[in-house]
Amino acid sequence: MIRNVQKLLRKKRKKQPANHVQIPKPKEALFEDFNKNVELFRSIYNNCSDVVFREFRLFGNVQAMIIYIEGLTDTEKIDNHVISPLMQKKDPKPQQPSIGFIENNISVSKTKKLSLWADCIESISGGSSILLMEGEKQALSLGLTKFESRAIEEPEAEKVLRGPREGFIESLQVNTAMLRRIIKSPALKIQSIKLGKYSKTSVVLAYINGIANPTLIKEVENRLKRIDIDGFIDTNYVEEMIEDNPFSPFPQLMATERPDVVSSNILEGRVAILAEGTPFALIAPITFFSMLQAPDDYYERYIIGTVIRWLRYIFLFISLVLPSLYVAITSFHQEMIPDPLLLSIAASRESVPFPALVEVMIMELMLEALREAGVRLPNQIGAAVSIVGALVIGQAAVQAGLVSAPMVIVVATTGIASFMYPHYILGYSIRLLRFPMIILSATLGLLGIMMGILAIIIHLCTLRSFGEPYLAPLAPLKKHELKDVLWRAPIWMMDKRPHFEKDINEYRQAPNQKPGPLRGGETED
């Protein structure tokens, strides 16, 4: 029965209606017949109520039609700068007007002659309008796009105390303009690529010619061009398609909403990837230490930036191993705890019916649930629910004897430490690795913790981001780049760029930039 139904459906697919118009191939040119072009366009956009076909007469005697998508095109400019002047103006020449003549008689700055069907469809889908006219086998694309977009504002996830207060939005044109406003040199190159079989998403590659390694640029281009997918919604689609190790929990590209972060990385020789419809830009290549660098490190004095950076390193380690360390010590290595503290922990755990492993898993899962609930809820109540939920559930769990008070302190400290990452995507990786670390500590004690840490370090040593070692400049060791890893050196000391593979335009500032009063015999230029 099922096979008969399938055969019947196949036969119906093969039978096309009598009025069916064959869709032209991508490289096929427009027809010379105006009516045939219009008929095929109507067939292509059949059942598309938002596509407008506006037919009128050029100079009162030549058939013409404008095709555009309502909501993507500025209809007011079409009326005032295209249709109105072409309908009212009289043709000074007795012969048939050409596309070039029309192009010179409309006040539209961005125009382009198209002769292929694929180019016409792409232009309409991108928000431009297409002008067809009788007697011409070319169409005129009018760049009169008009997209609704939100205002530029500071990114919620990347706030700074001092520095620019603007972030990317969903408009690719606005985002590239923000980069141009920061880097005004024509050496800033922005290459456009269309990705997605149906979405035709505009993706741009931004870099500085003469600073970025040509090998890196070519590699990024090749990885982008080999992507074949129906559509893109966010740059994460691109990230998962081009990263070196897709099974690693660690991010191999940096996602950011800040134009200043993208610009500073481009100036260091990296490459940025931006896409239409998302405020997140991707930066490649990156290292593990670049994921722990925040814009505040460079907008505050270098001493403060260094202290905060080391505080970030310490709490990264705490967020990874603190719960597993507590489980290992209380389960296997009680002799490491001072006697008064041991007695206090034993008294608090006296009424708890679960072992330390189950206890910490309950608290960690509740913490993750509260964190996710706070993210999904509206901003007005999300923070309140997270804080009140943590206080109420933690206190109630201790009073009910489900968990001990020291465990609540350990999990709360771990949660606070996990909020110190400048890039939240790294926090997801650490939170994911925390659970196998807890299991190792519950089975093998401190030996299990050491095995877990060694496994993570070995994995990081083998990981690469577009060929760049993930633990660079520590492994392999690059001494001149340590000034921006172990500490944040003053700006006047960071004279070299952290180049990858080979040195290209090595110095980013002139020598002898150390500030101070002018010494004898020196003059200001």
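This is a short tour of a predicted model, going through a set of packed helices and then a loop residue.

**Stop 1: helix H17**

Select residues 446–462, which form helix H17.

Now colour the buried positions of H17: Gly448, Ile449, Gly452, Ile453, Ile456 and Leu460. Viewed down the helix axis, these buried residues fall within an arc of 135°, so they line one face of H17. Turn to the other side of H17 to find Leu447, Ile458 and Thr462, which are exposed.

What do the buried residues of H17 pack against? Their partners are helix H11 (302–331) and helix H16 (424–444).

**Stop 2: H11 against H17**

H11 and H17 pack at an angle of about 155°, with their axes 9 Å apart. An angle over 145 degrees counts as roughly antiparallel, so H11 is roughly antiparallel to H17. The crossing of H11 past H17 is right-handed.

To see the contact itself, show side chains on both helices:

- from H11, Phe317, Leu320, Val321, Ser324, Leu325 and Ala328;
- from H17, Leu446, Ile449, Ile453 and Ile456.

Ile449, Ile453 and Ile456 of H17 were already coloured as buried residues.

**Stop 3: H11 against H15**

Keep H11 and select helix H15, residues 405–417. Here the packing angle is about 160°, and the axes of H11 and H15 are 8 Å apart. That angle makes H11 roughly antiparallel to H15. The crossing of H11 and H15 is left-handed, whereas H11 passes H17 in a right-handed crossing.

- from H11, Phe315, Ile318, Ser319, Leu322, Pro323 and Tyr326;
- from H15, Pro406, Met407, Val410, Thr413, Thr414 and Ala417.

**Stop 4: Ser128**

Leave the helices and centre on Ser128, in the loop between helix H5 (117–125) and strand S4 (129–133). Is Ser128 buried or exposed? Ser128 has a relative accessible area of 13%, and is therefore buried, the cut-off being under 20%.

Ile69 and Ser128 are 59 residues apart along the chain, and their C-alpha atoms are separated by 8.1 Å.

Finally, show the contacts of Ser128. Neighbours within four places in sequence aside, Ser128 is in contact with Ile67, Thr73, Ser123, Ser141, Leu142, Gly143 and Thr145.

Definitions and conventions. Residues are numbered from 1 along each chain as its sequence is written. This is a predicted model: local features need pLDDT of at least 70, side-chain atom pairs count only at pLDDT 80 or more; totals for chains, interfaces and linings use all residues. Side-chain values use heavy atoms; hydrogens and water are left out. Helices (H or I, at least four residues) and strands (E, at least two) are DSSP runs, numbered from the N terminus. The expected span of a helix is 1.5 Å times one less than its number of residues. Buried means under 20% relative accessible area, exposed over 50%, partly exposed in between (1.4 Å probe, protein chains only). The arc is that of the directions from the helix axis to the C-beta atoms. Contact means heavy atoms within 4.5 Å. Axes are lines fitted to C-alpha atoms, for helices over the stretch in contact, and angles run from 0 to 180 degrees between N-to-C directions. Angles under 35 degrees count as roughly parallel, over 145 as roughly antiparallel, 65 to 115 as roughly perpendicular and the rest as oblique. A crossing is left-handed if the near helix is turned anticlockwise from the far one by less than a right angle, and right-handed if clockwise.
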